[in-house]
Amino acid sequence: MDFDLHEQNKVTISLLLQPLQHFKEKPSSWFTNHLKWCTDCLQNGYHSWFHQFSLIEKCPFHETKLHIRCTSCQEEIPFLLSNRRLGSPFTCNCGYKLADFSNSRWREWDIAECEIKDSSLLRWLSINGEEKPPCTKLFFIPQYGRIDLLVNTTPFASANFQRKNKNSRPVTHELNQEQLKTIFKANKETFKSIDRYIRKKLIKNHIHCINQLRDLRNQDYSKFPDICPHAYAYIFWRKSVLQKTHFYREYMNADDLGSPEMNFADMHVITKIISEEFKYLSSEFSHHNPGTDMTQLVWLQNKFTTHFCLNYFRLWLQIAQNGAQSESVPKWDALNNLKQASLSKFSFKYIIKNDRLSVLEAYRIQVNDVIANLCNLLYRSKQRWMYLINQRQKTNSL
């Protein structure tokens, strides 16, 4: 057709990846391995690299949510220029037709709508080396990123830092043992503050309920007492964030946030559920901003921890009523859904104003979605509770 498709693909991909040049991910990692498609586009025989870009969730031409699974078999379709997973054009391997070209659509192929209507994508594509200062960098977790978050929102928190402070502790390219200890202590204090805030501000009228559930206060152990949803949400929020083995209190007067002797050759955090994400942000920031003040990295991590923990607790409250009534706890799949929903829609921007001043900004889009069908994923059996109660009774007898 006398058209250089390879060159066109290179130009499109280059435009999409321009704002991400400082990330160390491979370019291919920003594009999903499974097919993402817009039904309206596909009805006209059209598909775009924009659809495959991992930071895009809606079709930029029709502004409708992209499909990621076959409507019939609910399987993902690999993104391949091959017929290995398509029995015939626009047809899933299960036989379901993604688009129907049995009528006159082939003759109308040239009228496909290709005008970008998504203002977020237009803004993203306008970011280039000339327009965007080289001293501005985005920091976010790739699998939870979204274009509208990265280009259109107002920061909910920001802080100015003196770049050349005589008393500052500079961040090194690879975090050393002292810096890792500083991050661990900051993460611990942040979690303690969040924990205290939830107990004293959000659920202050339910402290007795929390103690009853945590201490397993039951006289005959034959019937578990009614569970308060607020206590349920708090206990299992805390257990999953810290990744504790038991939900009940093992030692009445012990601090379960104690810092045991550990080797700080690697990063350790109290909020273990997000330890990998925590490491990623720290690594990205320290790698690209060596020499900055250590307080900047601590500020970034504190905002990240606070945002996640409070969002995560709010989602626990959404499922607490069903969980408490069924006397059961979430399975790992459900916990992962909660975690993903709490992590999404969050990013940072680092701006170097001049030789002396830099700014860190935190952005978020509030999570308002109720996890669809979450309660159907949740619960272990009631016998699990009785097993834990019996184990506790045996421990007490010993």
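Start by selecting Phe-3, which sits in the segment ahead of α1 (5-17); helices here are DSSP runs of H or I with at least four residues, numbered from the N terminus. This is a predicted model, in which local features need pLDDT of at least 70 and side-chain atom pairs count only at pLDDT 80 or more, while totals for chains, interfaces and linings use all residues. Residues are numbered from 1 along each chain as its sequence is written, and side-chain values use heavy atoms, with hydrogens and water left out.

Stay with Phe-3 and show its surface. Phe-3 counts as exposed because its relative accessible area is 55%; the cut-offs are over 50% for exposed, under 20% for buried and partly exposed in between, with a 1.4 Å probe and protein chains only.

Next come the charged pairs. The structure holds nine salt bridges, each a side-chain nitrogen of Lys or Arg within 4 Å of a carboxyl oxygen of Asp or Glu.

Select helix α6 (residues 177-202), where Lys-192 and Glu-189 lie three residues apart, about one turn of the helix. Their closest N and O atoms are 3.7 Å apart in a salt bridge. Lys-192 is partly exposed at 29% relative accessibility, and Glu-189 is partly exposed at 43%.

Move on to Lys-339 and Glu-277, whose side chains form a salt bridge at 3.2 Å, N to O. Since Lys-339 is in helix α11 (residues 332-343) and Glu-277 in helix α9 (residues 275-288), the pair ties together parts 62 residues apart in sequence. Lys-339 and Glu-277 are each buried. Then select Glu-57, Arg-146 and Asp-148, which salt bridges with shared partners join into one network.

Finish with the cysteines. How many disulfides are there? The count is zero, where a disulfide requires a pair of cysteine sulfur atoms within 2.5 Å. Cys-209 is in no disulfide, and the nearest cysteine sulfur, from Cys-228, is 3.9 Å away. Cys-209 is partly exposed at 24% relative accessibility, whereas Cys-309 is buried at 0%.

Technical notes
Helices (H or I, at least four residues) and strands (E, at least two) are DSSP runs, numbered from the N terminus.
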